[in-house]
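The exercises below ask the student to read a protein structure step by step.

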Amino acid sequence: MALQLGDTVPDFTQETSEGSISFHEWAGDSWVVLFSHPADYTPVCTTELGTVASLKSEFDNRNVKVLALSVDSVDSHKGWINDINETQNTTVNYPIIADPDRKVADLYGMIHPNSLNNLTVRSVFIIDPNKKLRLSLTYPASTGRNFDEILRVIDSLQLTDYHQVATPANWKDGDDCVVVPSIPTEEAKQKFPKGVTEVKPYLRMTPQPNK
Ligand code: BEZ
């Protein structure tokens, strides 16, 4: 069965462009973004991996490790990284898993045969420090992903875990947040000293707590 939100994600040991990785041990106490792409030396993927490299400090600031994957070999990844660095004006600064035996792709359900025969689709998995799956998404091969949106989801998940607020539609960093339903309004007023606005008994807003 496909991985579902809240599941403990499968562990694996696999070669990468930066050596062998045992996934759970490598992840340690960090959050992880694990993302697959169809193939090396393809145009959309080249822009995606360059974009992720340029966002490395944003991931670091959030205690997030980044890990890419395709079914190509380590040698292929290493050659392609030179092209990414050259064309995207960046330095790929995270490992790319080599998965020619499809071991990780099968564990994570990254191959959708009716979409791309034997190639990984554009999957993204956000995994928390407890190794629980917190987000999964799948994009078509022809659509490059929006990694600012991935950062936005990480911000939202961390606000919920660390500050007990949720985020409304189209929320951006700095916007008001939603008090989670499990906190009664009177308790929320104590917990969120910046103020709680009760729009409805079930819809309480508060300024972003960590700003
Ligand atoms: C690409 O990365 O450019 C790509 C890969 C597979 C199908 C279409 C585009």
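The model is predicted, so local features need pLDDT of at least 70 and side-chain atom pairs count only at pLDDT 80 or more, while totals for chains, interfaces and linings use all residues. Residues are numbered from 1 along each chain as its sequence is written, and side-chain values use heavy atoms, with hydrogens and water left out.

**Exercise 1.** Determine which parts of the chain are linked by the pair Arg62 and Asp155, and whether each residue is buried or exposed.

Solution. Step one: a salt bridge is defined as a side-chain nitrogen of Lys or Arg within 4 Å of a carboxyl oxygen of Asp or Glu. Arg62 and Asp155 form such a bridge, with 2.7 Å from N to O. Step two: this pair connects distant parts of the chain, 93 residues apart, since Arg62 is in the loop between helix 3 (56-61) and strand 4 (64-70) and Asp155 is in helix 6 (residues 147-163). Helices (H or I, at least four residues) and strands (E, at least two) are DSSP runs, numbered from the N terminus. Step three: both Arg62 and Asp155 are buried. Buried means under 20% relative accessible area, exposed over 50%, and partly exposed in between (1.4 Å probe, protein chains only).

**Exercise 2.** Classify the accessibility of Arg134 and of Asp128.

Solution. Step one: the side chains of Arg134 and Asp128 meet in a salt bridge of 2.9 Å, N to O. Step two: Arg134 is classed as partly exposed because its relative accessibility is 21%. Step three: Asp128 has a relative accessible area of 5% and is therefore buried.

**Exercise 3.** Describe how strand 6 and strand 7 pair, and identify the bridge partner of Ile127.

Solution. Step one: two strands pair if DSSP finds at least two bridges between them. Strand 6 (residues 122-127) and strand 7 (residues 133-139) run antiparallel and are joined by 6 bridges. Step two: Ile127 has Leu133 in strand 7 as its bridge partner. Step three: the hairpin of strand 6 and strand 7 has 5 residues between the strands, and Lys131 takes a positive phi near 70 degrees there.
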